[in-house]
Amino acid sequence: MVLDGIPFIGSLNEINNDDIKSIDILKDASATAIYGSRGANGVILITTNRGEKGQKAKVTYSGRQGINKIFAPYPMMDGPEFVALRAASARYTNGPDEADNINTDWQNLFFRNGLQTSHDIGLSGGTANGAYNFGVGYLKDKWLSQSRGYSTYNSIYGEVKIPWVKGLKYRTTLGLDFMQDNNGSYTAEGVGSDNATTISTASISNYHTTHWNIQNLLSFDRLFAGKHQINAVALYEADQYTSFNSGTAAKGIPSEAFQFYSLGQSLGEITTNSGGYSQNGLISYMGRIMYEYNNKYMITATIRADASSVLAVGHQWHTYPAISAGWNIKNESFMQNISIIDRLKLRAGYGQTSNQAVAAYSTLGRLSSRDYNFGNTTYATGYYVTQLPNPNLGWEYSETYNVGLDFALLNSRLSGTVEYYISNTKDLLLSLGLPQTSGVSSYTANIGETRNKGIEISLRGTILDNVSGWTWEAGVNLYRNRNELIALASGQIKDEGNGWFVGHNINAIYDYKNIGIWQIDDPYLSILEPGGNAGMIKVQYSGDFNPDGTPTRQIGSADRVILDVDPDLQGGFDSRVSFKGIDLSFIGGFQIGGVLVSTLNGPSSYLNLMTGRRGNIKVDYWTPTNTGARYPAPSGVLVGDNPKYLSTMQYFNGSYLKMRTISLGYDLNQALIKTPDLRMRLYFTVQNPFVLFSEFTSEMGMDTETNSYGNQNVATGGVNSRILTVGFNAPSTRNYVIGVNLTF
Amino acid sequence: MRSIIKSSIATAVLALFFVACTDILEEQPRSIFEPGFFKTEQGVNGGLTSLYAHLRYIYGNAYWYNAGVTGTDEATYAQSADANFKVMDISGQGNITPTVPGGSTNLWDNAFPAINTASGIIENASAVGLSASLIAEARFFRAFEYFMLVQTYGGVPLDMGAGELKFNINPARNSVRNTVPDVYTKAIFPDLLTAVNDLPDVGRLTGTVTKTVARLFLSKAYLTYAWWLQNTNNIPTYPDAARTDPDGHDAAWYFQQAFDVATTAIDNPGPYGLVSTFYDVNVGSNDRNKEILFYADHTQSSEKYTGASLTYGSGGNADNFASWMMTWNYTEIRSAKNADGTVATPTVLREASQDLGRPWTRMAPTIQAFVNTFADKTNDSRFDGTFTTVYRGNWTKGTDKTAFYYGANGLQVYPGDPILTFLPDEPLIPITYTTGAGPSNVGGGTLPGRADYVISPSGISRVTYPGTWKLSTYRTDNAGGLGQPNASITRPFPIAKFSELYFIAAEAAVKGATTTTGKSAYDLINVIRARAGKWKFNRAANVAKTDDYSAAMTAATPATPATIDLNYILAERSREYYGEGYRWFDLVRTQKWGELAATYRIASATKGDHTAVTVTRSIQPYHYLRPIPQSQIDGMEATADEKAAFQNPGY
C-alpha cells in the first residue's frame with residue numbers, strides 16, 4: 001500500500017474512510033516498477049484529502065449509528081437432536097450435569113447485538129501558499145476487544161528545480177513510521193475451568209515497529225515541439241523495517257484489582273516470553289523513460305535493481321526490466337468521425353517484478369527451543385535445529401505479459417476495460433518440508449515455477465441519465481484466473497509431503513474423493529475397508545481388480561486425488577438508482593465454481609466429532625432408517641476422534657452470490673436547504689444482507705466469507721496453511737447503519 | 001528566493017541520509033538461534049538438554065504407549081478406542097497401515113532430529129572443549145535412538161544427508177536404509193561402548209545418564225541382536241540381510257556379552273539399586289528413586305519447564321498422558337441418594353490421585369492378565385502394586401457433602417468406603433449381575449452382604465476394568481480436594497529400571513550364556529521375586545501391610561534351572577513391568593508374540609455384559625516390524641519403486 005506517495009506499513013482500516021480521496025489499483029509490471037519488489041502482488045495507491053490552495057475553509061461532519069447482528073449462529077443441534085446423536089453413536093452416556101430433557105440455546109445466551117457509533121469532524125482549506133487538512137474522529141464499537149495502540153505515519157519532502165535544465169527536478173522524500181501496541185489480559189481464579197480453584201493468570205505484551213524510507217528522485221518532464229512528451233525518472237531508495245516485542249505472563253494474581261498491572265507481585269510462576277526482534281532492509285535503483293507522441297502513441301521502458309537483506313549473500317540483488325506500449329486509438333484521425341466511440345486505448349506490456357516475501361533470517365536456518373526440568377528444581381532450555389540454512393535463497397520473480405483495451409462509448413455512457421495476462425513466477429519462495437530422515441523439518445527455498453493466467457473484464461454504464469429525474473448507473477467486473485504449478489526445482493512431478501503437484505494449483509487439495517456412504521450389502525466392504533461398517537464414508541478406489549471382479553487391495557494412501565480449487569469465474573457488481581434526491585444502491589460479489597473449505601465440518605474442529613462427546617453442528621447422518629444421508633453413521637469406525645474420512649466433508653462448491661451492501665439515501669440539498677454551501681445527506685445501509693446460491697450457506701446458514709488460514713482456528717491439525725478456510729472464528733455480522741454526512 | 005533557499009536547505013539536510021547504508025543488507029538476528037550457535041558452549045549444552053527434552057515426545061505419549069502394549073497378551077483396545085488403538089490389536093478391527101499406524105510413528109518422527117542433534121554435539125564438542133563425559137551423553141542418546149528404531153522398524157538410515165553418523169544441515173530429500181547388522185555394529189555398539197567408558201557413575205544432574213544406564217542398554221542391545229542373528233522362528237527382517245555378523249561373532253558370543261555386561265552393571269551399581277518393596281518403585285511420592293535409571297522428566301513446579309498444562313492437558317505431543325489410556329470411566333459409577341435406590345449420584349469423582357486420574361478408556365487389560373500372569377495375588381505384592389481394584393467414594397472432596405449414599409443391597413456407603421470392587425478371584429457364590437448398566441450405572445454385580453458392587457476377573461470387559469496405578473497422576477497441590485485431574489501427568493515417565501538388568505542376564509543365561517556363581521537364571525529371577533514378596537501397603541484394603549513373603553515367593557520359583565525357561569522369564573517380566581510399554585518389544589525380540597498373544601478373553605464394550613469371549617488375533621510375521629510412516633514416504637523425493645522399496649513388506 002502507498003499512502004500519498006510513501007509506502008505504508010499499517011493496515012487499511014487505520015485510515016479514516018472520510019480522509020480517502022481516491023484509491024487506485026496498479027497491476028501490471030510497468031505500473032508497479034516504481035515500487036519494486038513490494039509491488040510484486042500489485043499496489044494499492046491511496047490519496048487522501050488535502051486542502052487545496054485558495055480553497056475556502058470547509059467543515060465536514062459525518063455521524064453513524066449502527067446495530068451489528070451476527071449473520072448466522074453456528075447451526076448446532078438442539079437438545080433432542082443431540083440426544084438422538086448420542087444414542088446413535090452409543091459411545092457416551094450423560095455425565096452428572098447432563099440430562100436428556102434439557103434444551104439450552106447457548107449461542108442465544110452468548111451473542112448480543114453490537115452497537116457502533118462514530119462521529120468524524122474535518123476541517124480543510126487553503127491559503128495562497130499552502131493547504132491544510134485537520135480531522136478528529138470518535139469511534140465506539142462494543143464488538144472490539146481491548147487493546148491500545150499508537151501509530152504515526154509521517155513524511156517530509158523537499159523538492160528543488162535544477163536551474164540549468166528546464167523540466168529537471170530533484171526531490172528527496174523521507175518517511176518515518178512508528179507503531180506501538182500494548183496488550184494485557186487477565187483471567188480470574190476458576191474462570192474458564194471446571195475447578196473453582198484453578199489459579200488466576202495474567203499477561204502483558206508490547207510490540208514496537210519503526211520504519212524509515214528514503215527516496216531520492218531525479219525527474220525530467222518536458223514537452224518538445226508541442227508533440228513529444230518525454231518523462232524520465234531516476235530513483236534511489238533505501239528502506240528499513242525494525243520490530244521487536246516482549247511479553248510477560250504470571251500466575252496467581254494476589255488481588256483481582258491488580259489485573260495485569262503488577263505482574264511482579266504475583267504469587268505463582270512468572271515467565272517472560274522469549275521476545276522477538278526482526279529487521280530487514282531494502283535498497284533499490286530504478287530508471288524509467290516515458291515517451292508519448294502527440295497523445296497517440298506512448299512507450300515506457302523501465303529498468304530496476306533491488307537488493308534485500310532477507311536473501312542469501314550472493315543472491316541479494318536482482319535486476320529486471322519492464323516495457324509497455326499504448327496506442328490511443330481514439331486520437332487517430334480515422335477515429336474522429338466515429339462519434340459513438342469516445343475513448344479507445346490499446347495497451348500491451350511485458351515486465352518483471354521480483355518478490356522477496358520471506359521472513360527475515362530465513363537463509364540462516366533456525367533452532368527451536370524445548371524447556372526441560374531435571375528433577376523438581378533444576379530447569380534448562382534445550383535447542384535443536386528445525387529449519388536448515390539456505391545459502392542459495394534468491395529472489396522470486398514474475399514475468400508478466402499483459403494486453404488490455406480501454407474503451408468508452410455513447411458519450412461515455414458505457415465504458416470498460418478488457419485485460420488478458422499471463423504471469424510466470426519463477427523461483428517461487430516457499431517453505432519446503434523435509435522427510436524425517438533428514439533430521440530437520442523444513443527450510444525455505446526457491447521451489448519452482450507457477451503460472452497465473454487470466455482475463456479481467458469490467459464494464460460501467462449509465463443506463464438512464466436524468467430521464468425525468470431518474471438516473472441509473474451500473475457496473476460489473478468479471479475475472480477468471482488459473483494458477484498452475486509449472487515445475488518444481490526438485491524435478492518431481494508430485495510432492496505429496498508438501499502438497500505440490502505439477503499441472504495443478506499450488507494450493508491444490510490432496511485428499512480422498514468422497515463418493516457417498518457405504519450401504520448395507522454394498523459389495524467388497526471387507527476387502528476395501530477391513531474393520532469398516534455400513535454407514536461409513538465411501539471413498540473412491542483407484543486400484544486394480546482381480547479377474548473375478550474383487551478388488552486386489554484395501555483403500556489406502558494411493559487412492560488420494562488432487563482437487564483443484566480455482567473458481568471458473570468471479571466478479572463483482574454494483575448499481576445505483578436515484579430519483580430527485582433519493583438514491584438506492586447496492587454492491588455485491590459472486591463466484592462460480594471453485595472450492596470452499598470449511599474446517600467446521602471436518603475432523604479438525606471439535607464441532608463435528610459425531611460421537612456424541614461434544615455439541616455437534618446439525619448434520620444429516622446415516623442410520624439404517626435414513627440411508628440417503630451424506631454424513632456417516634455416528635457409531636461407525638473412527639480415526640482419531642472423528643469418523644474416518646470426515647475430512648472429505650469439508651469441501652463445498654465455492655459458488656455464491658453475495659450482496660455486500662444495500663443502501664438507501666436521501667440528499668437534502670435540493671429539497672430542504674437552499675444554501676449553496678451546505679450539503680447534507682441521510683442514509684440507511686445494510687451491510688452483508690444475504691448470500692445466495694451457496695452450497696455452504698444452504699447447508700449451514702452461515703456466511704461464505706473465509707476467516708482463517710488452513711491451520712488456524714482448529715482444535716487439531718487443519719489443512720494446508722496457505723488455504724483460506726471458514727474456521728471457528730467470531731461469526732461475521734450483518735450491520736444496519738443509519739448515518740448523516742454534512743458539509744458546510 | 002527565500003523559498004528556493006529554504007527548499008534547498010531542506011533538501012540538503014535530507015540528502016545527508018543519502019549516505020548509502022549498504023549494511024542494511026546484512027542480517028543480525030537478535031532473538032533467534034541459527035545452527036552456528038551449536039559451535040558455542042551454550043549451544044552444545046542446549047543441544048544436550050534438547051536430547052533429554054525430546055524423550056517426552058515418545059515416552060509418556062499415549063500413542064507410542066499404545067504401540068508397545070496393545071495387541072500383546074497384556075492388553076487390548078477398550079470402549080472409546082478409535083482406529084489407531086483398534087488396528088494395533090490385529091483382531092479384525094482394521095489393519096495397521098502407513099496411514100493408520102497406531103502411534104508407532106511417534107518414534108520415527110522424533111528420533112531423527114535427536115540423532116542429528118547428537119551428531120552435531122559430537123562433532124562440535126571437541127572444538128568447543130566439552131568434556132568427554134558430556135560427549136558420551138550425546139553418544140548414548142544416538143545409540144539409544146538407533147536401538148529403539150531398529151527394534152521397531154528394522155534397518156534404518158545411518159546417513160542423514162552428510163555422511164554416516166554425521167551432523168546434517170543439507171536439505172536431504174532422499175534416504176537409504178541400512179541393514180539391521182549395520183545399524184548395530186556401526187552405530188549402536190560403538191557409541192554405547194564409548195558411553196560406558198566415559199559416562200560418570202553418578203549423573204551430573206538429576207536424571208542424566210550414567211555408566212549403569214549405558215550398560216543396561218548395551219546389554220539389551222547385545223541380547224536383542226543375538227536373538228536376531230539366531231532367528232529361531234524365521235521372522236523376516238528388512239532391508240534384506242543375511243543373519244551373519246559383520247564383526248564376525250555369532251549369536252552365542254552376543255548372548256555371553258549381554259550376560260557379562262548386565263552382571264557387571266549389577267555388581268557395580270553406583271548410586272542405583274533395587275528399592276526395598278515393589279510398592280516403593282512406583283508410588284508417586286517416591287519418584288526418581290534409585291531403581292529408575294532413565295526417565296522422561298516432568299514436574300509440578302513449573303508449567304513452562306514441564307512442557308504441558310498443569311490444569312488441562314490436551315493430549316499433545318510432549319504431555320505425559322499414557323496412563324489415561326488404560327483408565328476406564330469410573331466417574332460413571334452411581335450410588336443412590338435414597339434408600340429405595342432413586343436419585344443416582346456420582347460418588348467416585350474424577351480426582352488427581354494415583355488411584356484414579358483421567359479416563360480415556362482406549363485400552364483394556366485382558367482377562368489372562370488377572371488369571372494367568374498375576375495368578376498369585378497373596379504372596380506377590382505386584383498385583384496389588386499394579387492395578388486399582390477398589391474404587392472408593394470421594395464425593396466429599398468436591399462440593400457434595402452428603403453424609404452417606406446407598407450402594408449395593410441397599411446398604412449405606414460412607415466417604416472412603418469401596419463403592420465398586422474388582423474381586424481378585426472368582427467368588428464362591430456367583431455374582432448377581434444386572435442387565436445393562438444397572439443401579440451402579442456401570443454394570444456392577446452384587447454379592448450378599450456387600451455394600452460395594454462387584455465384578456470378578458472373568459467378568460472384566462472393554463468398558464469396565466480395573467485401573468492401572470503405576471504410571472498414574474500424582475500431585476501434592478490438591479489441598480484436600482479433587483485437584484486438577486485433567487492436567488497432564490507431572491511425574492517422570494520411566495524408560496528403564498535397574499531391575500531389568502536381572503531379566504536381561506537371566507534371559508541371556510537361558511539362551512546359553514555361561515553364568516557365574518550366584519548368577520544363574522534361577523538366582524537372578526529370585527532376587528526379583530524375593531523383593532516382590534515384600535509388602536508395604538495393601539492398596540486394595542487401603543491399609544499398611546508389612547508382611548514379607550519373600551521366602552514363599554522364592555520357594556515358588558521353579559526349582560531346577562531347566563524350568564526357568566523363556567516363557568517363565570517373559571511371565572515374570574509381565575508381572576514386574578505390566579503396562580509400562582515394554583511388552584511388544586519383549587515379545588518381538590523373543591519371537592513369542594504370535595504364540596503368546598494369539599488369543600485373549602474379554603467381555604464386550606456394552607455395560608452390563610460380563611460374558612467373556614475369546615478373540616483371535618491374526619499376527620503375521622510381517623507385523624514384527626512397524627510400518628514406516630506415510631509422511632516419510634510422501635516427503636521423499638524418489639521414484640515410486642524406491643518409495644515402495646523403502647517401506648516394510650506387507651504395508
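## Strand pairing and helix packing in a predicted model

In strand β4(A), Leu45(A) is the residue that stands opposite Val2(A). The structure described here is a predicted model. Strand β1 (residues 2-3) of chain A and strand β4 (residues 43-48) of chain A are joined by two bridges and pair in the parallel sense. Both strands belong to an open sheet of four strands in chain A, with the order β2-β1-β4-β3 and mixed pairing. The edges are taken by β2 (6-7) and β3 (20-26) of chain A; each has a single partner strand, so one side of each is left without a neighbour in the sheet.

The table sets out the elements and the residues through which they meet.

| Helix of chain B | Residues | Residues in the contact |
|---|---|---|
| α2(B) | 41-54 | Asn45(B), Leu48(B), Leu51(B), Tyr52(B), His54(B) |
| α6(B) | 132-153 | Leu134(B), Glu137(B), Ala138(B), Phe141(B), Glu145(B) |

The axes of α2(B) and α6(B) come within 10 Å and cross at roughly 35 degrees, and the crossing is left-handed. The residues of this contact comprise six nonpolar, two polar and two charged.

A further helix of chain B, α13 (residues 500-510), is mostly covered, with ten of its eleven residues buried. Among the buried residues are Leu501(B), Tyr502(B), Phe503(B) and Ile504(B), and Glu500(B) and Glu507(B) are also buried. The buried residues of α13(B) pack against several elements of chain B, including α8 (211-230), α9 (251-267) and β15 (493-497). Gly512(B) follows α13(B) and has a positive phi, near 110 degrees.

Technical notes. Residues are numbered from 1 along each chain as its sequence is written. Chains are lettered from A and ligands numbered from 1 in the order in which they are written. This is a predicted model: local features need pLDDT of at least 70, side-chain atom pairs count only at pLDDT 80 or more; totals for chains, interfaces and linings use all residues. Side-chain values use heavy atoms; hydrogens and water are left out. Buried means under 20% relative accessible area, exposed over 50%, partly exposed in between (1.4 Å probe, protein chains only). Contact means heavy atoms within 4.5 Å. Axes are lines fitted to C-alpha atoms, for helices over the stretch in contact, and angles run from 0 to 180 degrees between N-to-C directions. A crossing is left-handed if the near helix is turned anticlockwise from the far one by less than a right angle, and right-handed if clockwise. Ala, Val, Leu, Ile, Met, Phe, Trp, Tyr, Cys and Pro count as nonpolar, Asp, Glu, Lys and Arg as charged, and the others, Gly among them, as polar. Two strands pair if DSSP finds at least two bridges between them.
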